[in-house]
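Take the stops in order, and look around each selection before moving on.

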Amino acid sequence: MPLVTLQDIYLSYGQPPLIDHINLVIEPGERVCLIGRNGAGKSTLLKILTGQVIADEGVLKRAAGVKIAQLEQSVPHDATGSVFDVIAEGLGEEGKLAARYHHLILQLGNDPSDKVMNELEDVQSELERVDGWDINQRVESIVTTMELDPDVDISSLSGGYKRRVLLARALVCKPDLLLLDEPTNHLDIDAIQWVEQFLLKWEGALLFISHDRRFMDNLATRFIEIDRGKLAEFNCNYATYIQRKKDMLETEDRHNALFDKRLSQEEVWIRQGIKARRTRNEGRVRALEALRVEHAARRKQVGTAKMDIQQADKSGKIVAEAEDISFAFDDGNAVVKSFSTLIQRGDKVGLIGRNGVGKTTLLKLLLGQLEPQQGNIKTGTNLNIAYFDQYRAALDESKTVQDNVSGGKDMLEVGGKSRHVISYLQDFLFSPDRCRQPVSALSGGERNRLLLAKLFTRPSNILVLDEPTNDLDIDTLDLLEELLIDYKGTVLLVSHDRSFLNNVVTSTLVFEGNAVIKQYIGGYDDWLRQRKAEQAATTTKPAATATKASSKTDAKVKKRSYKVQRELDQLPAEIERLETEIGALSEQMNQPDFYQAERSVTAAIEKNLATVQEQLNHCYQRWEELETD
């Protein structure tokens, strides 16, 4: 039996309608991904399901006793209270009782008075009456699972940890249907992967909105897309959805072209005059009127943003060179220890690490905005830096969209040409009316597009992007990827979007714990492969070395066959050859222009590196086996 059914739902805030007579059925246990452009009505559809928004027409049916929980897109700025209290709110009145018990237990440690003991006994009795011990354990369990401090105030947490707390609040009530609106926003990669694994084991149904392509592909059992008020269903993976959607749009374009041609021919005919008014042609006249009505009602495809990055003159060949730098905060918390790197013109470097680990601090060190406490940093010459801030601090919420970009002027200098600010903003999908509204009225995706519009008005040769993908729809995300790939300058990118990192960066700086930062060639998946190979080599090489040192003693105990001894003698030379080949391939991939080549070329080299690395690991393992025989 379906958990939720929508029948002929219609909702309009004017013309055209936001949701235009749609139908949707959600079955138990399925994981449905809702896709659509910013402003298409995705969040509104979730609110219809929860009853926060009432549709103008249509029927919403819920199964008897079905429980629905929701994680909203934005993190409340005014959220207060301990982490335990906020999570317990997801359990209603029983949750408040569990929170009261938790606080009394803490209070008892500092004030073991009779008053506190009496209060605690009353709460314990109430918990037993409502069978609330399971509720308390549920809150404690999810606090532990999500690695949260139950007693810290949520207002003191970073955006990523606030979202983690709110997700825990949605999950703690064990809903039948969980609604998630951009659940990966502000989460680091470890947290995203934890959410993925948790939801893959989730026994209830899931309807989620996301623009994280890897997350969608790993999680969704089907996709539904809202486009121009209508829903389309795709029972496939994400890559197949993209191809099917492309085919659908091409078919729509061909149909519209044939329709427009027919309409044009009929308009020519009607203008011929008296022939069209004869009785035998009245049917054709009525058909023409129907064609006109259909053409007027057609909803055109939403345009794609026309972003372009203004490129400044080249920077010096060396952008930043760090030699054995270290940095710690005043409280002694180390961020960087003995780190060295060289960033050259044209490099596209991704920074990977958990929230709060110090990625932004490292950026400031590399750009000369902070001085290292140990070591030296040399910054290059002729650096024109454009900075994208994940907190959108560069936007003034009290000013209009156009004033934020132009500073109150009507005209902008973009790419050496003068453009009206509204014309420029229309390239970023802002209508003239939207341009005149304050920034406070914009959605998260619109704010990010506005920040990109402001960023790209000035020429640059270094782009520093701190979480630029949050809230962007997939089409805009794809376009931003293409722009960054073609960008001739240097890119320093902080992102938790694994697909985005794979497609854009040429190397990664990874925070591996204890202020240790390592550099790897390629994107996110390349880092995983190299880290796995490193771990395998670390575990096998010491054992092989130790075994080799004792081989003479072992030989006295057991004599090897000629074939085995010959294989053993040849292994050191083979290992040396493979290590030399890996070094050459890594050097080739480290060149600034490597990822500007055709993808087929770079993919072949990456595959070759992985193959050679596997061969090297096998050689070490074989060496260990032969030495221990």
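Before the first selection, keep in mind that this is a predicted model.

**Stop 1**

Zoom in on Gly 353, which sits in the loop that runs between strand E12 (348-352) and helix H11 (359-366). Is Gly 353 buried or exposed? Its relative accessible area is 10%, and because anything under 20% counts as buried, Gly 353 is buried. If you show what surrounds Gly 353, leaving out its neighbours within four places in sequence, you will find contacts with Asp 188, Lys 359, His 496 and Phe 511.

Now move to Thr 360, which is found in helix H11 and, with a relative accessibility of 28%, counts as partly exposed. Apart from residues up to four places away in sequence, Thr 360 touches Tyr 387 and Asp 466.

**Stop 2: the mixed sheet**

Select E12 again and widen the view to the sheet that contains this strand: 6 strands form an open sheet with mixed pairing, in the order E14-E17-E18-E12-E19-E20. Strand E14 (385-388) and strand E20 (517-521) stand at its edges with a single partner strand each, so one side of each has no neighbour in the sheet. On average, and ignoring direction, neighbouring strands of this sheet are turned by 15° against each other. To see one pairing in detail, select E12 together with strand E19 (residues 507-511), which pair in the parallel sense over 4 bridges; the bridge partner of Ile 352 in E19 is Val 510.

**Stop 3**

Next, select E10, E11 and E13, 3 strands that form an open antiparallel sheet in the order E11-E10-E13. The edge strands are E11 (334-344) and E13 (374-379), each of which pairs on one side only. Strand E10 (residues 318-328) and E11 pair in the antiparallel sense over 7 bridges, and within that pairing Ala 320 has Ile 343 of E11 as its bridge partner.

**Stop 4: an enclosed strand and its hairpin**

Select strand E8 (residues 222-227), where 6 of the 6 residues are buried, so the strand is largely enclosed by the rest of the structure. Which residues lie on each face of E8? Arg 222, Ile 224 and Ile 226 are on one side, while Phe 223, Glu 225 and Asp 227 are on the other, and all of them are buried. E3 pairs with E8 in the parallel sense over 4 bridges, and Cys 33 stands opposite Phe 223. Strand E9 (residues 230-234) runs antiparallel to E8 and is joined to it by 5 bridges, with Glu 233 in E9 as the bridge partner of Ile 224. E8 and E9 form a hairpin with 2 residues between them, and Arg 228 in the turn has a positive phi of about 55°.

**Stop 5: a buried glutamate**

Select Glu 196 in helix H7 (residues 189-200), a residue that counts as buried at 5% relative accessibility. Its side chain makes a polar contact of 3.2 Å with that of Asn 218 and another of 2.4 Å with that of Arg 498.

**Stop 6**

In soluble globular proteins, nonpolar side chains tend to be buried together. The largest nonpolar core here has 50 residues, of which Ile 87, Leu 178, Leu 199 and Phe 208 touch the most other members, and helix H6 (residues 159-171) gives the most to this core, with 6 residues. Finish by selecting Phe 208, whose contacts beyond four places in sequence include Val 32, Cys 33, Leu 34 and Leu 180. A second, separate core of 45 residues includes Leu 425, Phe 430, Leu 455 and Leu 479.

Methods:
Residues are numbered from 1 along each chain as its sequence is written. This is a predicted model: local features need pLDDT of at least 70, side-chain atom pairs count only at pLDDT 80 or more; totals for chains, interfaces and linings use all residues. Side-chain values use heavy atoms; hydrogens and water are left out. Buried means under 20% relative accessible area, exposed over 50%, partly exposed in between (1.4 Å probe, protein chains only). Contact means heavy atoms within 4.5 Å. Two strands pair if DSSP finds at least two bridges between them. Axes are lines fitted to C-alpha atoms, for helices over the stretch in contact, and angles run from 0 to 180 degrees between N-to-C directions. A polar contact is a pair of N or O atoms within 3.5 Å; within protein, one must be able to donate a hydrogen and the other to accept it, and residues adjacent in sequence count only if both atoms are side-chain atoms. A nonpolar core is a set of buried Ala, Val, Leu, Ile, Met, Phe, Trp, Tyr and Cys residues joined through side-chain atoms within 4.5 Å.
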